[in-house]
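Hi there,

Here is the structure I promised to pass on. Have a look at it first, and then read on for what turned up.

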Amino acid sequence: MKDLFATSIKYQQGALYVLDQHQLPHQEQWLACDNSDAMIAMIKKLQIRGAPLIGIGASLLLAHLAEQGLTADELRTQAERLRAARPTAVNLMNCIDRMLATLESAGPLALSHCAEQLFEEDVELCNRMAAFGAELIADGANILTHCNTGSLATAGAGTAIGVIGAVKQQGKQLHVWVDETRPLLQGGRLTAWEMARMNIPHTLICDNMAATLMAQGRVDVVLVGSDRIAANGDFANKVGTYSLAVIAHHHNVPFYVVAPYTTVDPECPDGKAIPIEQRSPAEVQGVSGSFGEINWAPENTPVYNPAFDVTPAELVTGWILDTGVYSPEQIAAGALKNL
């Protein structure tokens, strides 16, 4: 397999490396990954994260394993293990399914070419989403975003942050409100890091400050990503997204979801059918990162910790995909079912 480079993943001289996002923003540490156990652990720990990127990472690992001589049966077993690593993110399943289809039709050695195609396709999908989305953003806009949706979450420029980057490249003035994104602080740790690297004016806020900003007229548009979009337009994203959609709807602030076609699940009828991952209580009882661990809750405090929530389609202004921007009317007419 040829060398491939992205912000948070690379395949170089026959080895796969992942940027440990758990250590950001204070440390940039690359981890070698040469087996499924390691990749699954990285996915579960969010050392590699973002629906598009975990699909790419799992595909690159499968191709690497094929080059190491695993048989077709062994590759199928590892593929199914990887496929189940994060139940909500449908990109992972779509990528693995394409790799398995290639394995069946062309054999193990064809997996390298398929993985390279998936990587390069994701870069192009990001570029297309960015171009479509940037046309919707006015000069001088104040954009609010949630979680992390940039080059740390994809092989390319990102989904929602990809749009933000394209707005800047067009020469428009902008400012980004960065939700810190409890409980794992992907906004505070990762999006703020990316905004600084891109030299984009930004301000970090606690998640519960968004309503006040909208009431003050200081938010012009909300851009978020997605881990799965159902056929009716409902979508799952990092928990807290639904709250933003409700607040934006109340204040008449446009609310857009940005995602590639690989995030659409036409077999999923609506948001109620999207599986929602439940994560460790420790993530809510305290916080951990490159700075160490802090526990602030009483020991054994019961915790409810869904990784994602579901935003209903009626709260969405538009769906920015690599194939264009879709209105609620188009979505209601079944536009997502034929992607």
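How much space lies in the second largest cavity? About 60 Å³, in what is, please keep in mind, a predicted model. The lining of this second largest cavity is made up of Pro52, Ile56, Asn91, Cys95, Leu118, Glu121, Asp122, Leu125 and Thr262. Helices H2, H4 (90-106) and H5 (111-134) are the elements that each give two or more residues to that lining. H5 contributes the most, with four residues. Sorted by class, the lining of the second largest cavity has five nonpolar, two polar and two charged residues.

With three residues, H2 gives the most to it. The lining of the largest cavity splits into nine nonpolar, nine polar and four charged residues.

In H9, which spans residues 241-250, the buried residues include Thr241, Leu244, Ala245, Ile247 and Ala248. After H9 comes Asn252, which has a positive phi, near 60°.

One arginine is also worth a click. Arg279 sits in the loop between strand S12 (264-265) and helix H10 (282-285). Is Arg279 buried or exposed? Its relative accessibility is 15%, so Arg279 counts as buried, the cut-off being under 20%. The side chain of Arg279 makes a polar contact with the side chain of Glu277, at 3.0 Å. If neighbours within four places in sequence are left aside, Arg279 is in contact with Lys44, Leu46, Arg86, Leu184, Asn305 and Ala307.

Happy to go through any of this with you on screen.

Best wishes

Definitions and conventions. Residues are numbered from 1 along each chain as its sequence is written. This is a predicted model: local features need pLDDT of at least 70, side-chain atom pairs count only at pLDDT 80 or more; totals for chains, interfaces and linings use all residues. Side-chain values use heavy atoms; hydrogens and water are left out. Buried means under 20% relative accessible area, exposed over 50%, partly exposed in between (1.4 Å probe, protein chains only). Ala, Val, Leu, Ile, Met, Phe, Trp, Tyr, Cys and Pro count as nonpolar, Asp, Glu, Lys and Arg as charged, and the others, Gly among them, as polar. On a 1 Å grid over the protein atoms alone, a cavity is a set of points where a 1.4 Å probe fits but cannot get out, and a pocket is an open set with protein on both sides within 12 Å along at least five of seven lines; lining residues have an atom within 4 Å of a point. Grid points are joined across faces, edges and corners, and a volume is the space filled by probe spheres set on the points. A polar contact is a pair of N or O atoms within 3.5 Å; within protein, one must be able to donate a hydrogen and the other to accept it, and residues adjacent in sequence count only if both atoms are side-chain atoms. Contact means heavy atoms within 4.5 Å.
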